[in-house]
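This report looks at pairs of oppositely charged side chains. Please have the sequence and the model at hand.

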Amino acid sequence: MARTVAVGVQDFSKMVENNCFYVDKTDFIKEWWESKDDATLITRPRRFGKTLTMSMVDYFFSIRHAGRQDLFEGLSVWKDKKYQVLQGTYPVIFLSFADIKRDSCKKTCREIGKLMIWEYQKHAFLTEGECLLQAEKNEFYRIMSGDLDEDDIGSSMKKLAQYLSRYYGKRVIILLDEYDTPLQEAYVHGYWDEMVNFISGFFNSTFKTNPYLERGLMTGITRVSKESIFSDLNNIKVVTTTSRKYETSFGFTEKEVYLALEEFEMVSQMQEVKRWYDGFRFGGCDSIYNPWSITQFLDAKEFQSYWANTSSNTLIGQLIQGSSSDVKMAMEDLLNGRSFRTQMDEEIVFKNLKKRKSALWSLLLAGGYLKVSDLVQNRMGKTEYVLSITNAEVFSVFENLFTGWFSNDIFEYSEFCNALLSGDKKFMNQYLCTIMEHTVSFFDTGTKASCYTLPENFYHGFVLGLIASLRKIYHITSNRESGLGRYDVLLEPCDPSQDDAMLLEFKVINPDQEKSLKDTVQMALEQIVRKRYAAALEAKGIHKNRIRIYGFAFSGKRVLIDGGYLDEYSFSYSRNGFAEL
């Protein structure tokens with residue numbers, strides 16, 4: 001009889017005691033312990049069993065769970081007798097930063113402080129007897145009462161480890177789950193530098209200058225650069241998705257998925273399960289499945305994007321939307337099922353996310369949105385990553401991302417697509433003017449000196465988001481070479497006998513050259529014709545009378561769209577520029 005699928009359970013004891021569906025990952029305990037690394041950081045995408053693994057390690061080593069052999073009997077780790085005697089023999093401090101999502105450094109520090117207060121309260125028995133000096137007891141009581149500042153928080157873990165080590169006569173194991181959550185929040189909300197100053201001191205005190213530490217284990221999604229927070233932490237072993245260590249400890253292997261489907265009498269679904277949920281690559285194992293999605297599928301027995309709905313993709317959307325044309329081209333290749341090559345560093349330098357496209361690819365790889373299909377050497381001898389979208393489930397994330405960049409319940413975005421398909425310029429203008437007024441800030445559109453140097457990138461991304469749903473009937477590409485230059489957006493119909501092709505050109509008004517948005521539109525249309533952007537379409541046999549061209553002119557929140565069929569337009573030089581014939 002198949003075990004019960006318990007969705008969202010992250011407590012190891014609950015999984016085992018209730019005979020829930022569980023894939024044995026206890027070999028991780030042996031591999032980690034035998035590595036003898038002082039401090040280990042393991043990065044994996046969200047929903048890959050990191051928290052359950054940390055819970056498993058806690059139940060195995062913690063003195064608080066001594067005598068719980070019943071949780072491990074029958075599992076792989078229990079086959080080795082030398083590990084049987086290790087169960088429940090170490091003091092363990094187990095924290096999670098998963099819920100620390102605040103909009104200021106002060107609030108974040110306060111939340112971390114609360115975690116430490118709870119840990120001190122949990123270990124209040126240390127104040128009994130003669131283990132602590134009276135001065136230490138007084139300080140312990142002060143922290144338990146909540147009377148602590150940032151300096152107290154920074155050193156509180158080390159002090160607690162000291163007291164536990166003295167009490168039990170053994171050094172302490174410290175587990176920190178989702179270490180990078182407050183760091184990502186700090187980047188999103190603009191207090192990165194403040195957070196780095198605090199968290200680097202906290203980590204250094206906890207994992208580097210802590211003589212009471214036996215082993216430290218951290219998990220997270222991203223590998224934040226050493227320069228940011230680990231500059232003094234040279235004793236840490238970093239294990240990313242490309243590392244061979246622990247390559248099968250997180251996520252399900254293909255064999256494990258097959259056995260799970262066999263248990264639930266669903267083996268016939270294996271190929272479709274593979275298409276939807278396979279594709280992650282850790283170390284040398286190139287067929288790892290998302291465990292969250294697999295367990296959800298076993299429970300619901302329906303193919304859906306389970307992983308895609310577990311967290312916000314706001315940061316990813318913001319970065320892609322404001323990215324360079326090269327990034328948008330790469331994204332279009334990915335959405336068309338192709339891969340691309342790039343150099344990158346798996347360390348995430350958050351301050352470079354908007355400056356270097358390699359930082360964006362690193363973030364997408366760490367988050368599980370992309371997979372490494374191959375590693376190749378370029379002509380300069382440098383390693384390049386061949387990246388592609390991970391699987392069908394993640395593909396749906398990107399589709400939803402494109403259509404949801406400017407999500408607003410007031411508007412039905414299909415109306416703009418319908419107007420574009422029918423050539424209804426009046427509605428297109430009315431619609432876009434209204435939506436710009438309601439959803440776009442002047443900061444976004446480049447009317448302040450502190451924002452984008454190329455505001456066309458914003459409008460480009462904005463319109464791509466609006467028309468993303470047309471990908472089922474059009475091949476949509478942007479910034480590709482055609483004719484004598486690079487067009488902004490090209491819509492090539494999947495069935496040219498049914499739909500017109502289209503070229504869109506975006507221009508922000510230049511007051512030095514154009515008196516009105518009408519002049520800017522004319523400049524956009526002229527550019528399409530003069531630079532022969534339609535050459536790629538004509539080479540495929542699409543006639544000018546089936547190619548529509550549109551100029552989009554922008555000034556802040558104001559917009560004007562005009563255009564028509566290509567064969568209706570020609571331009572000649574005039575004294576003041578170009579004139580339509």
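E119 is buried, at 5% relative accessible area (buried means under 20% relative accessible area, exposed over 50%, partly exposed in between, with a 1.4 Å probe and protein chains only). E119 forms a salt bridge with K122, their closest N and O atoms lying 2.9 Å apart (a salt bridge is a side-chain nitrogen of Lys or Arg within 4 Å of a carboxyl oxygen of Asp or Glu). K122 is partly exposed, with 42% relative accessibility.

Both residues belong to helix α5 (residues 105-122), three residues apart, about one turn of the helix. Helices (H or I, at least four residues) and strands (E, at least two) are DSSP runs, numbered from the N terminus.

## Basis of the values

This is a predicted model, in which local features need pLDDT of at least 70 and side-chain atom pairs count only at pLDDT 80 or more, while totals for chains, interfaces and linings use all residues. Residues are numbered from 1 along each chain as its sequence is written, and side-chain values use heavy atoms, with hydrogens and water left out.

## Two partners of D500

D500 is buried, with 9% relative accessibility. D500 forms a salt bridge with R548, the closest N and O atoms being 3.2 Å apart. D500 is in the loop between β17 and β18 and R548 in strand β19, 48 residues apart, and the pair links these distant parts of the chain. R548 is buried, at 4% relative accessibility.

D500 also meets R546 in a salt bridge, at 2.6 Å from N to O. R546 is partly exposed, with a relative accessible area of 29%.

## The whole structure

A search of the whole structure gives 28 salt bridges. A network of them links E139, R142, D152 and K159.
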